[in-house]
Amino acid sequence: RGEPRSRGEPRSRGEPRSRSEPHSRGGGENKEPNQNSGTRCKDQFRFVHRADPHAAARSTSFIPVEDGLRRLPEGQSIVDAIRGGTAFRSVRFDEILGSIFARVKPKHLSRSEYVEWLLKGVPTFPSQGVPDVGDEQNDEMFREFRSFLDERTWSSPLTAAESMFARMRENAVHVAATALNATKSELEAALHQVYRGSEHRMYNCRAVYVYTVYFDAFTFVYVGESIDVEGRINGHLVAIFVGCEHRQRGHELVRERVDDVDDVLIKLWVLFAHDEESARRMATSYVDCCAHTPTVLEVARAVAGAGFAMEAVFTAVYESLRSRSTKTRIGMNFSQPGVIHPGCDPQLTGADIASLQRQRRKARNLAPFFCDVCSSWKMNMRKYKSDDGEICDTCRSRLGKAAQPAFTCGNCEGLKPVGARRRRHAGALWCVPCHERDKQRGFVCCVCYRNVEPGAKAIRHADGLQCQKCYKEWLRNR
């Protein structure tokens with residue numbers, strides 16, 4: 001067999017591999033990083049240059065959300081809608097904050113306390129204000145993606161620390177462990193639990209951005225959130241200029257109205273982004289807000305949930321929902337913000353369709369679609385058009401009941417609330433309990449004048465109520 005090879009020495013051709021050597025399948029340079037690697041995502045994109053690590057960092061300060069919103073013309077109305085759980089500019093804060101609170105799962109905080117922490121304890125609003133998307137001029141005070149004149153590329157306004165922190169896997173879990181002074185074994189146990197689960201997006205810090213597309217008299221506005229905002233902005237630019245299989249409905253709006261995409265002007269801003277220090281401060285503020293010490297994963301979910309909440313806030317600020325569009329200012333957000341959607345592609349793959357079909361026993365051969373109210377894919381259900389987009393049967397029924405006004409029962413004369421079920425009885429509206437009790441009463445047949453026992457079926461006639469026996473005889477003799 002000859003002399004043994006020293007460690008690190010290349011193996012000659014034909015020499016068998018030892019058991020201690022790992023088996024390589026090739027393509028190691030382009031492999032996706034595993035779960036234990038420190039960073040993720042690509043370092044270079046087609047349209048966006050990542051933050052320069054050698055450039056001087058721009059100092060950006062943030063203030064609490066409530067203080068920042070009060071500086072805006074209608075900011076106080078947004079604060080009242082968030083705190084009161086009402087809708088403002090078509091953004092349903094009650095459903096959005098309820099969904100975020102259900103995903104965070106705080107053990108020692110109520111929903112109102114968590115909302116107060118989002119408003120007062122989270123410095124996520126830019127202290128210099130927010131950019132005016134209606135102004136096409138550049139303003140140095142805002143964090144804008146700068147475009148190069150010689151080529152269609154944009155440079156990132158993030159600092160090197162923010163860019164590197166966004167590429168760290170499960171970065172919210174790491175800053176939560178630091179805020180709680182957790183040991184290495186506790187951090188590894190938390191990461192292991194995350195890797196075994198399915199909601200990986202709830203354990204990463206979020207960045208919020210807004211971009212506009214100017215073409216002639218049209219202004220398209222979109223507000224979004226992302227883990228890696230540089231890669232997400234590049235994805236939007238690829239979908240608009242080149243086209244891809246993951247094109248959203250907002251991209252289709254632009255390409256439908258714009259004849260030549262080379263003539264458009266695109267401006268992109270980062271409204272909020274985390275570095276490790278700011279994320280640690282946010283995690284520490286949540287720990288201080290809790291009466292008892294929370295778990296590592298709960299703190300991580302709270303930090304990620306703040307990013308989803310800020311997406312809803314800025315959507316209300318910019319009125320970027322499709323239902324708020326005007327003749328010249330078009331919103332590109334079709335779904336409610338702050339909600340985890342199953343995907344951005346409006347078309348499902350064959351595997352997704354098969355998975356949805358297995359969930360239903362009775363197939364009606366209806367095409368799958370994405371409901372814009374409950375933000376989920378629907379299979380074998382009818383879809384309806386509304387101001388919110390395409391909605392399913394369940395959401396249509398729920399919204400229809402909510403639109404029903406309050407009424408007074410014609411029998412018990414009780415005032416019934418909005419959305420209460422009602423039945424029409426003898427030309428009046430009755431509540432369901434009175435209607436059911438009336439059906440169970442006995443009656444006198446208008447033909448045979450027999451006292452019919454309670455619970456028997458009554459057939460309405462021009463002269464009154466008939467029993468079933470007289471009704472059948474009438475059918476035979478007519």
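A residue is called buried when its relative accessible area is under 20%, exposed when that area is over 50%, and partly exposed in between (1.4 Å probe, protein chains only). The structure is a predicted model, in which local features need pLDDT of at least 70 and side-chain atom pairs count only at pLDDT 80 or more, whereas totals for chains, interfaces and linings use all residues. Residues are numbered from 1 along each chain as its sequence is written, and side-chain values use heavy atoms, with hydrogens and water left out.

**Figure 1. Ala-312 in helix H11.** Ala-312 has a relative accessibility of 1% and therefore counts as buried. This residue belongs to helix H11, residues 296-318; helices (H or I, at least four residues) and strands (E, at least two) are DSSP runs numbered from the N terminus. Beyond its neighbours within four places in sequence, Ala-312 is in contact with Val-91, Phe-93, Ile-96 and Pro-337, where contact means heavy atoms within 4.5 Å. Ile-82 lies 230 residues from Ala-312 along the chain, yet 9.7 Å separates their C-alpha atoms.

**Figure 2. The largest nonpolar core.** A nonpolar core is a set of buried Ala, Val, Leu, Ile, Met, Phe, Trp, Tyr and Cys residues joined through side-chain atoms within 4.5 Å. The largest such core has 73 residues, of which Phe-93, Val-173 and Tyr-318 touch the most other members. Helix H11 gives the most to this core, 16 residues. Leaving aside neighbours within four places in sequence, the contacts of Val-173 include Leu-187, Tyr-203 and Ala-300. A second, separate core of 29 residues includes Leu-158, Ile-240, Ile-266 and Val-270.

**Figure 3. Strands S8 and S10.** Strand S8 (residues 207-215) pairs with S10 in the antiparallel sense over seven bridges; two strands pair if DSSP finds at least two bridges between them. Thr-212 stands opposite Lys-267 of S10. Strand S10 spans residues 265-272, and seven of its eight residues are buried, so the strand is largely enclosed by the rest of the structure.

**Figure 4. An open sheet of three strands.** The strand order is S1-S7-S6, and the pairing is mixed. Strands S1 (48-49) and S6 (146-147) form the edges, each pairing on one side only. Strand S7 (residues 154-155) pairs with S1 in the parallel sense over two bridges, and in S7 Trp-154 is the bridge partner of Val-48.
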